[in-house]
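Open the model in your viewer and keep the selection tool at hand. Each stop below says what to select and what is there.

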Amino acid sequence: MLDLIVTNVRTHYDETLFNLGVENKNIKFMSSGWEPSKEVIDGNGGIILPPFIEMHNHADTFKVGERYEQNHKGTIEEGIKIWDKVKKELDEKSLEKQMSEMINTFIANGVFHARVMIDVSAPELRALFVLTKLKKSYEQFINLEIVAFPQLGLNEEWKRTNMEEALKFGADYASAVPHLENSEKEEKESINYCFRTAEKLKKGVHIFCDENDDQNSASIQKVLECQKRYEKIPVTVSHLNALHYYSKEVSEMILDSLKELNINVVSCPLVNSVTIGKKERAMPVGRGVTRVKEMFAKDINICTAHDDIKTPFYPYGNGNMLQAAYVMAHLAQLTTVKELAKLIDSITYHGANAMGIEGYGLIKNMRADFLLFSQKNVYDLLTAHSRPEMIYKDGMEISGQLPSLQRY
Ligand SMILES: [Zn+2]
């Protein structure tokens, strides 16, 4: 006998209704078939999705924007200044509280896998120590990957020492912010250092790249050169906003290389739609996303991420991945059924590719982790961008028993 059967559901890319049978925490079948089951849920024609994957989110700044000084200029530069003061004030207790809340927010929104950033440009690596503890205690609910993110760059010895210490302590990815370095030499060296260190410590690379609307910002070219030398290292680049401003020939060449070198891309429509174009108030103001349509067309593994949640950089956000996708649909001008299927892939399957998650997806014999929605097509799903009606982990409904309820 099955443990659970969910009837009358459809995927986000196909209208065909099917039943999904669960046995021993795994998907036994997805078809018109039926078997007796201990529990039956009528999906009522709604969409079923695998759990969401958030590929870029900052754990140490989570909701810090609510409690400290406001970013009146709304620029990334002002956000960095405020954050640099605030991070020294956050003690272990407050970090544990805010990061537990972040994790619970993810789970409540159906995010079971997340890549989170910790700023390692701090005198102490307190936030990292707290997060590695939480990662362990929540592992049955959520799979967290940690990026050691150097907000102030990698241009001084102590910053590089912190990066290595963070990676040795448990961070999974080395990072860099080459477009924020002081010179081209530093920019290049930060990328080289990031790859070199990742190789030495057997980690991945996740670089914040060209998060501006400067057509001369081309850190991505240097990342591509590096990746050719370190081809075994898994690489993700976030942002790539400047790519929008390059000539057609240059951008085509970059897109082809991203595909050829299997580089994952993350675009963050929420925060970047309000920060890009702010510095000198250039007109026209950039849209805040990279060349999403073109990446979809070339089958590049691009992910849509929520990024900041009420931080000194971005005053909004609630961890709802469909909200990020809805905003992305507008900024990247995505309207066709085919594009929206890819858009949903960018908050699900593409993240799984980037994180290398085994057993993920609505596929026979994979883990019975899934989200149920009442909307019957992808347009309504995005328009409503509501939380999942039901959240299943290992075939068990967890919506009503989130760990947050025990912790607070
Ligand atoms: Zn970010």
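**Whole chain**

This is a predicted model. Draw a box along the principal axes: the C-alpha atoms fill roughly 65 × 50 × 40 Å. Colour by burial next. Of the 408 residues, 51% are buried. Take the contacts between residues at least 6 apart in sequence: 77% of them join residues at least 24 apart.

**The eight-stranded sheet**

Select β6 through β13. These eight strands form an open sheet with parallel pairing, in the order β6-β7-β8-β9-β10-β11-β12-β13. Go to its edges: β6 (52-58) and β13 (302-304) each pair on one side only.

Now zoom to β8 (residues 143-149) and β9 (residues 173-174). The two strands run parallel, joined by two bridges. Which residue of β9 is the bridge partner of V147? Pick Y173.

Select residues 219-229, which make up helix α7. Which residues are buried here? They are S219, I220, K222, V223, L224, C226 and Q227.

Keep α6 and α7, and hide the rest. Two packed helices are described by the angle between their axes and the distance between the axes. Here the axes come within 10 Å and cross at roughly 35 degrees. The crossing of α6 past α7 is right-handed. Show side chains at the contact. From α6, select E187, K188, I191, N192 and F195; from α7, select S219, K222, V223 and C226. By class, this contact of α6 with α7 has four nonpolar, two polar and three charged residues.

**The four-stranded sheet**

Bring the chain back and select β5, β14, β15 and β16. They form an open sheet in the order β5-β14-β15-β16, and the pairing is antiparallel. Look at β5 (48-49) and β16 (396-397) on the edges. Each has a single partner strand, so one side of each is left without a neighbour in the sheet.

Last stop: β14 (residues 370-372) and β15 (residues 390-393). Three bridges join these antiparallel strands. Pick F370, and find Y392 of β15 opposite.

Conventions
Residues numbered from 1 in each chain as written. Predicted model: local features only at pLDDT ≥ 70, side-chain atom pairs only at ≥ 80, totals over all residues. Pairing = 2+ DSSP bridges. Buried ≥ 20, exposed ≤ 12 C-beta atoms within 10 Å, placed from the backbone. Axes fitted to C-alpha atoms, helices over the stretch in contact; angles between N-to-C directions. Left-handed = near helix turned anticlockwise from the far one by under 90°. Contact = placed C-beta atoms within 7 Å. Nonpolar A, V, L, I, M, F, W, Y, C, P; charged D, E, K, R; others polar.
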